[in-house]
Structure formats: C-alpha cells, structure tokens
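Here's a quick briefing to read with the model open beside you.

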Amino acid sequence: MNKIRLFLLSILSVPFGFSQSYAPPADQPGTTAIHMDSSVFVAWATGLTVERGYLNSTDTSVQYQGSNRASFGVDTMVLGKPKGMTTMAVSLGDGGTAILTFDVLIKDEPGWDFAVFENSFSDDFLELAFVEASSDGIHYFRFPAHTEVPFDVQINGFGSMDCRYINNFAGKYRLNYGTPFDLSELPDDALLDKNAVRYIKLIDVVGTINPEYASSDAFGNIVNDPFPTPFNSGGFDLTGVGVIHAVPDPELAVITTDEEMKLTVYPTVVSDFVTIKADREFSYTVYSAEGKFIAGGEGQSGENKLEQIPFQAGVYLLKIYSGRNAKTFRLVK
Ligand SMILES: [Ca+2]
Ligand SMILES: [Ca+2]
C-alpha cells in the first residue's frame with residue numbers, strides 16, 4: 001500500500017470512526033430489517049451454488065469431523081422462503097461463497113430491491129458476508145460495505161457486535177429478518193444492468209484482524225467479525241434471499257417447456273413413510289398445514305422411500321420440484 005493511499009484511508013476512516021451510524025436491530029425504531037413474512041417479497045431464490053470455505057483460513061489444518069471446510073446444510077434449506085429455523089441454513093466457512101439465482105430478474109426501483117437472510121439467534125451474534133450482484137454471472141459488483149467495529153481486539157468465535165456499526169453487509173440482522181440492499185448503491189458500469197440482475201453472490205467475511213488474512217470494507221477498514229469459527233457450521237449461515245423488485249426473466253420464459261415430470265406418490269394416507277416415484281432427480285419439501293417446515297431433501301430418478309420424516313397426526317403438503325416443474329401433494333396421517 002503506498003503512502004498516498006494510506007493517507008487517504010486515514011482521513012477517510014477518522015470521521016466515520018467508531019460511531020454508530022447505521023440502523024438498529026430488528027423491531028427497533030429506525031431499523032431497516034424486513035421480516036420474511038412481509039408482503040414486499042415477490043420471489044425467492046431458486047438456485048444455489050456454494051463453494052465452502054475453510055474452518056479456519058489462517059490454519060487450514062484445523063478440522064471438524066474429518067473435514068477442514070464448513071459443510072453444514074443443503075440447498076433445499078435455503079431455496080424459497082426461509083424456513084424460520086437456525087438449523088435450516090447453509091454455512092459458508094471462512095471466505096466461502098454462495099451464488100443465488102432466481103426465476104425472475106431483480107430490478108432497481110426506488111428503495112430496497114432484495115434482502116439476504118442469516119440464521120443468527122440474537123441481535124448481536126453476527127456473522128457477516130459481502131454482497132455482490134451480477135447480470136451476466138461473470139462480472140460481479142460489490143455493495144459498498146462499511147464497518148465501524150473497532151479492530152484492535154479480535155471478536156472471538158462466540159463474540160458479539162452492535163449492528164449499528166455495520167452497513168451493506170449481509171448478516172446484520174437476526175433469524176427471520178432480512179438485511180435489505182438497494183441496487184442503486186452499486187457503481188454505474190456498462191457490465192452491470194441494474195434492471196436485469198440474475199445473480200446474487202455472498203462472500204463470507206474472514207473475520208480475523210490479522211492483516212495477513214483480514215478482509216477489508218469499501219473504505220479499507222479491517223472487518224472484525226467472529227473468528228475463528230472452526231465448526232462445520234462456521235462462517236456466514238445463509239437462510240434465504242428474497243426479491244422485492246422483480247420483472248419476469250425473458251430468457252427463462254422460453255425454457256419453461258421442460259417436459260412434464262412424471263410422478264407417483266403413495267400412500268397419501270401415510271403410516272410411517274411415503275414413496276416418491278419420479279422420472280428424474282428432484283427436490284422436495286414437506287410443510288404442515290399450518291405452514292411449518294417439516295423436512296426437505298433431494299431424490300433420485302426411480303423409487304425414493306422417505307422414512308425419516310417425523311409425521312404426527314395431521315395434514316401435510318409435500319412439494320416436489322425439478323427445474324421448472326413443481327407439484328404439490330396432500331398427505332394425511
Ligand atoms: Ca433500488
Ligand atoms: Ca466469517
């Protein structure tokens with residue numbers, strides 16, 4: 001880093017330094033948190049590609065249950081509306097990434113355009129991620145994240161921070177409350193069409209304050225975030241991405257002619273298990289009649305016996321989807 005840049009950073013960081021400039025926790029006056037049940041959400045992510053990060057990027061020999069990378073969660077847990085449980089999440093690990101796709105284009109209109117959900121159980125145990133948007137899946141543009149969290153003392157793996165210190169990071173709010181983003185805050189660039197965003201990328205903040213491995217915000221400040229988190233559920237824990245401003249995706253509209261999925265589900269009056277016979281790979285979710293998430297997973301072409309679902313007496317909705325196909329079955333026990 002040259003001296004001029006250092007000087008610029010020092011004058012930039014002083015006026016912002018260590019104040020609490022940003023919105024308070026969910027449900028407090030002035031918060032920007034949006035509950036997942038809000039009617040502002042018109043669509044949810046439908047696709048996910050994850051690259052898991054290390055349990056500890058400063059020491060990649062650190063393992064948990066035989067792996068040095070985060071591993072918790074599968075994509076059905078975070079596609080669609082958040083499931084409202086801390087265990088329905090995909091953990092990124094240090095510096096891990098998640099790219100979300102949608103059946104719509106995200107569009108910049110006045111105000112917030114989408115929101116990212118994390119699984120924090122409290123207002124101040126916050127694991128952060130950078131957020132980027134892309135129209136083409138090649139060129140990504142990062143929201144100008146800012147942290148006012150002091151970085152002289154490391155926030156440990158179970159440490160806390162005040163969300164009023166941070167802006168334009170995903171993970172600012174607790175479970176069920178989305179952190180919103182406004183596409184108009186991204187730079188204008190010929191390679192980004194703010195009216196046709198197809199990809200949202202999340203990048204876990206490596207929260208160490210060790211300058212050799214640390215992450216920096218848009219102002220060059222080190223981002224102090226819980227570290228280390230050497231568990232299979234370490235790092236940012238995604239629970240969903242909701243779209244607020246959307247237009248139909250013209251490219252998807254022409255590929256809606258997926259051959260109809262052939263499915264048999266039996267018995268629909270269940271005793272202990274359900275069999276799904278399908279002509280292709282699929283994903284499924286099971287909800288109670290009250291809308292509570294019960295189970296989710298993936299199945300193969302052929303016969304799939306779902307024995308692990310804790311059915312109690314009642315009515316359930318089994319949704320099976322593959323590509324553009326989706327079918328819902330009513331199950332009774
Ligand atoms: Ca906007
Ligand atoms: Ca992290």
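Six residues of domain 1 are in contact (C-beta atoms, placed from the backbone, within 7 Å) with six residues of domain 2. This is a predicted model, so local features need pLDDT of at least 70 and side-chain atom pairs pLDDT 80 or more, while totals for chains, interfaces and linings use all residues. Residues are numbered from 1 along each chain as its sequence is written, with chains lettered from A and ligands numbered from 1 in the order written.

**Domains**
- An automatic or database assignment sets the bounds: domain 1 is 1-255 and domain 2 is 263-332.
- Their C-alpha centres sit 32 Å apart.

**Nonpolar cores**
- A core here is a set of buried Ala, Val, Leu, Ile, Met, Phe, Trp, Tyr and Cys residues joined through C-beta atoms within 7 Å, where buried takes 20 or more other C-beta atoms within 10 Å of a residue's own.
- The largest core has 66 residues, and Ala-98, Leu-128, Ala-129 and Leu-202 touch the most other members.
- Strand β5 (97-106) is among the contributing elements and gives the largest share, six residues; strands are DSSP runs of E, at least two residues, numbered from the N terminus.
- Apart from that core lies another of ten residues, including Val-274 and Tyr-284.

**The three-stranded sheet**
- An open, antiparallel sheet runs in the order β15-β16-β19, with pairing meaning at least two DSSP bridges between strands.
- Its edge strands are β15 (263-266) and β19 (302-306).
- Five bridges join β16 (residues 274-278) to β19, and Val-274 has Leu-306 as its bridge partner in β19.

Definitions and conventions. Helices (H or I, at least four residues) and strands (E, at least two) are DSSP runs, numbered from the N terminus. Two residues are in contact if their C-beta atoms, placed from the backbone, lie within 7 Å. A residue is buried if 20 or more other C-beta atoms lie within 10 Å of its own, exposed if 12 or fewer, and partly exposed in between; C-beta atoms are placed from the backbone.
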